[in-house]
Amino acid sequence: MLHPIPCSHQSRAQLPNRRKHFRVATPHPLVGQVTIAAVNSKKLSLGYTEALIMDIGPGGLRFVSNLRFPANHGVMLHFIVKILGSMTELDGAIVWSEEMGDDLNQYGIEFALGHSARDQLIPVLNEFAVKLRAGQGVDCDFMTGDIGTFFRNEASV
């Protein structure tokens with residue numbers, strides 16, 4: 001009998017790569033916004049906080065935060081990130097989390113996208129990846145400093 005791997009605090013190195021889609025790894029983290037949008041399908045209206053998106057693909061993203069989000073499939077996060085000059089909004093659930101030290105946490109997100117929304121996202125991410133590889137401008141908000149310093153500065157604002 002097969003058992004799903006529960007949402008846990010296991011190291012990513014211990015988990016198999018189960019991705020169905022490509023990921024775009026950026027040279028520097030993308031600065032985005034994240035909020036908890038819903039818990040067990042009950043919508044919430046909370047404020048946003050900064051998140052650093054380490055990679056992104058049509059199936060999900062990996063991000064770092066100085067906040068601890070509940071690693072629970074009933075929790076839906078909402079992300080806003082600027083890609084190719086356009087604000088992109090995406091919803092997804094945490095499928096894994098990992099403590100990084102210095103009060104930082106890393107999370108893997110699986111998007112909750114329908115086929116139509118995913119089909120619209122794929123060409124945007126393909127163009128993003130091509131422009132990154134070619135060294136062309138991508139009109140995004142990149143964080144080029146130290147991750148820990150970024151969040152310490154955010155906390156003091």
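What is the mean pLDDT of the protein, and what share of its residues reach 70 or more?

**Figure 1. Overall view of the predicted model and its confidence.** The mean pLDDT (the predictor's confidence in each residue, from 0 to 100) is 86, and 85% of the residues of the protein reach 70 or more. Over residues 1-12 the pLDDT is below 50, although this stretch has 20 contacts in the model beyond near neighbours in sequence, a contact being heavy atoms within 4.5 Å. The secondary structure comes to 2 helices and 7 strands, taken as DSSP runs numbered from the N terminus, with H or I and at least four residues for helices and E and at least two for strands; along the sequence they follow the pattern β-β-β-β-β-β-β-α-α. Of the 157 residues in the protein, 42% are buried, where buried means under 20% relative accessible area, exposed over 50% and partly exposed in between (1.4 Å probe, protein chains only). Among contacts between residues at least 6 apart in sequence, 62% join residues at least 24 apart. This is a predicted model in which local features need pLDDT of at least 70 and side-chain atom pairs count only at pLDDT 80 or more, while totals for chains, interfaces and linings use all residues. Residues are numbered from 1 along each chain as its sequence is written, and side-chain values use heavy atoms, with hydrogens and water left out.

**Figure 2. Close-up of the aromatic cluster around Phe63.** The structure holds 5 aromatic pairs, which are defined for rings of Phe, Tyr and Trp (its six-membered ring) with centres within 6.5 Å, planes under 30 degrees apart counting as stacked, over 60 as edge-to-face and the rest as tilted. The rings of Phe63 and Phe69 are edge-to-face, because their centres are 5.8 Å apart and their planes stand at 65 degrees; both residues are buried. Phe63 also forms a stacked pair with Tyr107, at 5.0 Å centre to centre and 25 degrees between the planes. Since Phe63 lies in strand β4 (residues 60-65) and Tyr107 in strand β7 (residues 104-111), this pair ties together parts that are 44 residues apart in sequence. Ring pairs link Phe63, Phe69, Phe79 and Tyr107 into a cluster.

**Figure 3. Close-up of the largest nonpolar core.** A nonpolar core is a set of buried Ala, Val, Leu, Ile, Met, Phe, Trp, Tyr and Cys residues joined through side-chain atoms within 4.5 Å. The largest one has 27 residues, and those with the most contacts inside it are Ile56, Phe63, Leu77 and Phe128. The elements that give two or more residues to this core are β1, β3, β4, β5, β6, β7 and α1, and its largest share, 5 residues, comes from β5. Leaving aside neighbours within four places in sequence, Leu77 is in contact with residues including Val34, Ile36, Phe63, Phe69, Leu90 and Ile109.

**Figure 4. Close-up of helix α1 and its buried face.** The 20 residues of α1 (residues 115-134) should span 28 Å at 1.5 Å a residue, and this agrees with the 29 Å between its end C-alpha atoms; the expected span is 1.5 Å times one less than the number of residues. Arg118, Leu121, Leu125, Phe128 and Ala129 are buried in α1. Seen down the axis, the buried residues fall within an arc of 100 degrees, so they line one face of the helix, the arc being that of the directions from the helix axis to the C-beta atoms. On the other side of α1, Asp119 and Gln120 are exposed. The buried residues of α1 pack against β1 (24-39), β3 (49-56), β5 (75-83), β6 (86-101) and β7. Gly135, whose phi is positive, near 75 degrees, follows α1.
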